[in-house]
Amino acid sequence: MFVLEWLNNQLLKMEWLNNGVKWFVETVIGMGIDTKLGGSLHFFIYDVFKIFLLLSALIFSISYIQSYFPPERTRKILGRFNGISANILGALLGTITPFCSCSSIPLFIGFTSAGLPIGVTFSFLISSPLVDLASVLLLASIFNWKIAIAYVIVGLLLAVISGTIISKAKMEKYVESFVYGNTVLDVDADTLTFKDRISFAQDQVKDIVKKVWIYILIGVGIGAAIHNWIPESVISAALGQDKWYSVPLATLVGIPMYADIFGTLPIAEALVSKGVGIGTALAFMMAVTALSLPSIIMLKKVVKTKLLVIFVGLVTIGILIIGFSFNAFGYLFL
Amino acid sequence: MYIKVLGSGCDKCKKLEANVKEALQSLGIEATVEKVEDFKQIMAFGVMQTPALVIDEKVKSIGKVLSVDELKNIFK
């Protein structure tokens, strides 16, 4: 147990980095980390380094696994299942299929053309940005393992339940007609060599870091500001544990925002350290990642308004329920 | 040869188009290169990941920015 704890503290929580940055801020710059400026500086440097280090290592290993599950293969696997097991599998595969929101439309059309029920495709589309392996490990690093695992479970549940409701409601007629009947390209996925997979993983790290670095810097910047400059009374007045509206407020603010989950983590971290409920922080993170204005506008091209409203409504209600339950039972996790 | 680069205008798609042109030039092959950005047309090929490379209406690669050398091998 001792060895595991040490590994967890050094590799995941990066205590060595925490101490190193503390030394740097105190001795080299000469500011105490309990002063406002020193504290913000420490939070900013430590979080930026930690997130980039973890992110690169994680994306690399996860991309290697992902190279075995291109969308074409995921589609083939999903085609063999029916009913709720297809939704569950769709949600699970959503966590390991390499996918960026920019390709959600081709993916939606490709899955639907191949005859997959749209509910299964929605399970996939919801879980994909919400629960990815890298974000789970970062959650474990910033908070703890219990919260990370609980987050995965509720994220998958949200994807499965919303997808199942969309399946049951027979929403197929609310999909634009050109989505159906496109060519279904059958490609063999197993032609990659070890070298191909390594270079795929390297490219993914480069692409993702290039895409998200700005969100991380902004996120950590906001986090550092919350951490040291905004008085606790102001935050607790808006988002405090005892305010019933804290969860809906965090969700509504988060929905239109487009940011990466790695950018939202430091904000959630700072909020929780200021006494905001863990449910409120998670609701904010989920709202930012699962729903965003750009992704809603893109989906509008392939589904009719009614289905779009139902999709956004289901996910929003799910996030609210998750937020309220974590606030009520959060003491079990912290 | 009629070459199509499928992709809705992301950075990677532009890179692939540039690589295609460079590979063609260095091989001295005459070919028409068309950039297809309309996603209905892209989907007609059944492609789920962009950028994709289509030669004479056949899909040759999906979701990858092929390097100039890889492209030369394909065009030969």
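A crossing is left-handed if the near helix is turned anticlockwise from the far one by less than a right angle, and right-handed if clockwise. This is a predicted model: local features need pLDDT of at least 70, side-chain atom pairs count only at pLDDT 80 or more, and totals for chains, interfaces and linings use all residues. Residues are numbered from 1 along each chain as its sequence is written, with chains lettered from A and ligands numbered from 1 in the order in which they are written.

**View 1. Helices α14 and α16 of chain A.** The crossing of α14(A) and α16(A) is right-handed. Helix α14 (residues 278-290) packs on helix α16 (residues 305-329) at about 160°, with axes 7 Å apart. Axes are lines fitted to C-alpha atoms, for helices over the stretch in contact; angles run from 0 to 180 degrees between N-to-C directions. The two are therefore roughly antiparallel (over 145 degrees). Contacting residues (C-beta atoms, placed from the backbone, within 7 Å) include A:Leu282 and A:Met286 of α14(A), and A:Ile319 and A:Phe326 of α16(A).

**View 2. The open sheet of chain B.** Its 4 strands follow the order β2-β1-β3-β4, with mixed pairing (at least two DSSP bridges between two strands). Strands are DSSP runs of E, at least two residues; helices are runs of H or I, at least four. β2 (32-36) and β4 (58-62) are the edge strands. β3 (residues 52-55) runs antiparallel to β4(B), joined by 4 bridges. B:Val54 has B:Val59 as its bridge partner.

**View 3. Chain A against chain B.** Here 15 residues of chain A contact 14 of chain B. α6(A) gives the most to the chain A side, with 5 residues.

Notes
Two residues are in contact if their C-beta atoms, placed from the backbone, lie within 7 Å. Angles under 35 degrees count as roughly parallel, over 145 as roughly antiparallel, 65 to 115 as roughly perpendicular and the rest as oblique.
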